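I opened my notebook to look a protein up piece by piece. Here is what I wrote down along the way.

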Amino acid sequence: MIYGIGTDIVEIARIQKVCEGNNRFLKRYYTEREQEMICQRKQRGAACAAVNFAGKEAVAKALKTGICVKVRLEQIEILRGKAGEPYVVLYGETKIYAQECGVEKIHISLSDSSSVAIAYAVAEGKENTCQSDVRSHKDYESAKK
């Protein structure tokens with residue numbers, strides 16, 4: 001059963017600008033394994049960072065919350081399999097929230113051009129049993145301080 005779907009689009013130049021000379025952005029929103037993958041892409045690093053960022057947002061939308069206290073960008077990891085296929089790994093509160101909602105698998109598709117990156121995610125699982133209280137993005141930012 002499909003629990004939710006999400007899509008997002010990101011301008012690559014915007015991510016490249018934030019990353020230039022600023023490792024804080026990468027360290028804040030990407031896992032160590034994602035950072036390694038992005039750095040290995042060298043010339044395509046900005047596109048990889050952008051498409052992963054779009055993927056994280058798409059996953060949050062597929063979980064029907066967007067970014068909030070229980071669904072956090074840094075707890076959504078998007079990696080590539082042996083054939084280059086993207087896959088999602090959840091951690092911390094995000095993983096717990098997804099489990100509470102009956103989400104068993106998240107499918108993700110990523111694509112980019114010279115200027116934009118896009119992602120589409122589908123959360124699949126049992127019938128929606130989620131009773132969690134989800135706070136807004138504003139509450140999420142306040143809770144982090």
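**Entry 1: the whole chain.** I began with a word I would need: a contact means heavy atoms within 4.5 Å. With that in hand, I looked at contacts in the protein chain with a separation of 6 or more, and found that residues 24 or more positions apart account for 64% of them. I also noted that this is a predicted model.

Next I went through the helices and strands. The protein chain has six helices and five strands. Reading along the sequence, I wrote the pattern down as β-α-α-α-α-β-β-α-β-β-α.

The chain has 145 residues, and 48% of them count as buried. It exposes about 8300 Å², with carbon and sulfur atoms supplying 49% of that area.

**Entry 2: the largest pocket.** I reminded myself that rolling a probe the size of a water molecule over the atoms shows where empty space is left. How much space lies in the largest pocket? I noted about 210 Å³. Strand S3 (86-90), helix H5 (92-100) and strand S4 (103-112) each give two or more residues to its lining. Among the lining residues I found Tyr-87, Leu-90, Lys-95, Gln-99, Glu-104 and Ile-106. Sorted by class, the lining has seven nonpolar, one polar and three charged residues.

**Entry 3: salt bridges.** Side chains of opposite charge can pair when their charged atoms come close. I counted six salt bridges in the structure, and I looked at some of them in turn.

Lys-61 pairs with Asp-8, and their closest N and O atoms are 2.9 Å apart. This pair links distant parts of the chain: Lys-61 is in helix H4 and Asp-8 is in strand S1 (residues 2-11), 53 residues apart. Are the two partners buried or exposed? Lys-61 counts as partly exposed, at 35% relative accessibility. Asp-8 has a relative accessible area of 15%, and buried means under 20%, so Asp-8 is buried.

Glu-34 pairs with Lys-56, again with closest N and O atoms 2.9 Å apart. Glu-34 sits in helix H3 and Lys-56 in helix H4, 22 residues apart. I wrote down 0% relative accessibility for Glu-34, which counts as buried. Lys-56 is buried as well, with a relative accessible area of 0%.

Asp-112 and Arg-44 meet in a salt bridge at 2.2 Å, N to O. Asp-112 belongs to strand S4, while Arg-44 lies in the loop between H3 and H4, 68 residues apart. Asp-112 counts as partly exposed at 32% relative accessibility, and so does Arg-44 at 43%.

I also found a network: salt bridges that share partners join Arg-72, Glu-74 and Glu-93.

Entry 4: Most residues other than glycine have a negative phi. Lys-42 has a phi near 40 degrees, a positive value. Where is Lys-42 found? I located Lys-42 in the loop between helix H3 (32-40) and helix H4 (45-62). Lys-42 is exposed, with a relative accessible area of 69%.

Lys-64 has a positive phi of about 65 degrees, although it is not a glycine. Its place is in the loop between H4 and strand S2 (76-80).

Technical notes
Residues numbered from 1 in each chain as written. Predicted model: local features only at pLDDT ≥ 70, side-chain atom pairs only at ≥ 80, totals over all residues. Heavy atoms only, no water. 1 Å grid on protein atoms, 1.4 Å probe; cavity = no way out; pocket = protein on both sides within 12 Å on 5 of 7 lines; lining within 4 Å. Points joined across faces, edges and corners; volume = space filled by probe spheres on them. Helix = DSSP H or I, 4+ residues; strand = E, 2+ residues; numbered from the N terminus. Nonpolar A, V, L, I, M, F, W, Y, C, P; charged D, E, K, R; others polar. Buried < 20%, exposed > 50% of the residue type's maximum accessible area, 1.4 Å probe, protein only. Areas by Shrake-Rupley, 256 points an atom, 1.4 Å probe, with all protein chains shown as cover. Salt bridge = Lys/Arg side-chain N within 4 Å of Asp/Glu carboxyl O.
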